[in-house]
Amino acid sequence: MIGNTVIKLENVDVYQQKHLVLTNVNLQIDKGEFVFLIGQTGSGKSSLLKIIYGDLHISSGEGHAGGYDLKKLTDKDVPFLRRKLGIVFQDFQLLTDRTVEENLRFVMHATGWKDKNLIADRIKDVLEKVGLRSKIKKMPHELSGGEQQRVVIARALLNDPEIILADEPTGNLDPDTSEEIMLLLKEISRSGTAVLMATHDYQLIRTFPSRIIKCENGKVLEDAKIV
Ligand SMILES: Nc1ncnc2c1ncn2[C@@H]1O[C@H](COP(=O)(O)OP(=O)(O)OP(=O)(O)O)[C@@H](O)[C@H]1O
């Protein structure tokens, strides 16, 4: 984090291969902010998130995320950058052959945690935060879709990230469960972790008014309105 700023992109062009997806992107997200990211299919939302988590490189412009200079990012830096970013994507699902606790422990080992007691405490901590302390020994298939998504959010919180990047986190959930997940993400942002959430769910945006940015015609627009 630089000052209170978690993400800062200045005049960034976003390419997928040779295809220019977004031009001259300027974006700042501060500690604890909640931001919706909207735009039609193919407008560049995922590409924008990929720039932030180091999956696409910045060729022109300047970018910082989680204290890293994205332009100077090396392959070795990427796992460390991702510890500063909690990633909640539909394709980062739980491992189906192990319990909630084992899923969380797996990530902790992969991100360098060694002390058994600290690991156990942290797992309890994040499950408490998402209201699933009692489900620690359950297998993913024993949980509802909303509960599974809460575990995914708990997993994203393990390394105390500066921001959660969420790509359609309510995409597979019914309206009531979607609202519960939104309430949780809002609460997380209030406690200081910023949230950037890509969504197509305008009803959810109406229910939880927040800053909205929009990918449209190759640009990222601020103060977007939904109709
Ligand atoms: N790996 C890739 N190689 C080449 N072009 C790509 C690649 N991934 C995406 N694109 C192109 O980049 C553009 C932006 O795609 P992106 O996935 O960022 O859109 P999106 O707004 O996230 O869409 P959705 O809402 O469907 O997830 C599209 O034109 C897409 O075809």
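**First stop: strands**

Select β1 (residues 5-16) and β4 (residues 62-65): four bridges join these two strands, which run antiparallel. Strands here are DSSP runs of E with at least two residues, helices are runs of H or I with at least four, and both are numbered from the N terminus. Two strands count as paired if DSSP finds at least two bridges between them. Within this pair, K8 stands opposite H64 in β4.

Before going on, note that this is a predicted model: local features need pLDDT of at least 70, side-chain atom pairs count only at pLDDT 80 or more, and totals for chains, interfaces and linings use all residues. Residues are numbered from 1 along each chain as its sequence is written.

The four strands form an open sheet in the order β2-β1-β4-β5, with antiparallel pairing. β2 (19-30) and β5 (68-69) each have a single partner strand, so one side of each edge strand has no neighbour in the sheet.

**Second stop: the six-stranded sheet**

Select β6, β7, β8, β3, β9 and β10, which form an open sheet in that order with mixed pairing. Its edges are β6 (85-89) and β10 (219-221); each has a single partner strand, so one side of each is left without a neighbour in the sheet.

Zoom in on β3 (residues 34-38) and β9 (residues 211-216), which run parallel and are joined by four bridges. Here, I38 has K214 in β9 as its bridge partner.

Next, select helix α1 (residues 45-52), which packs on this sheet and touches β3, β7 (163-167), β8 (194-198), β9 and β10. Contact means that two residues have C-beta atoms, placed from the backbone, within 7 Å. Helix α5 (residues 145-157) also packs on the sheet, touching β6 and β7.

Which residues of α4 are buried? Select I123, V126 and L127: these are the buried ones. Buried means that 20 or more other C-beta atoms lie within 10 Å of the residue's own, exposed means 12 or fewer, and partly exposed is in between, with C-beta atoms placed from the backbone. An α-helix has 3.6 residues a turn, so residues three or four places apart point the same way.

The buried residues of α4 pack against α3 (100-110) and α5. Then select N117, L118, D121 and E128, the exposed residues on the face of α4 turned away from its buried side.

Technical notes
Axes are lines fitted to C-alpha atoms, for helices over the stretch in contact, and angles run from 0 to 180 degrees between N-to-C directions.
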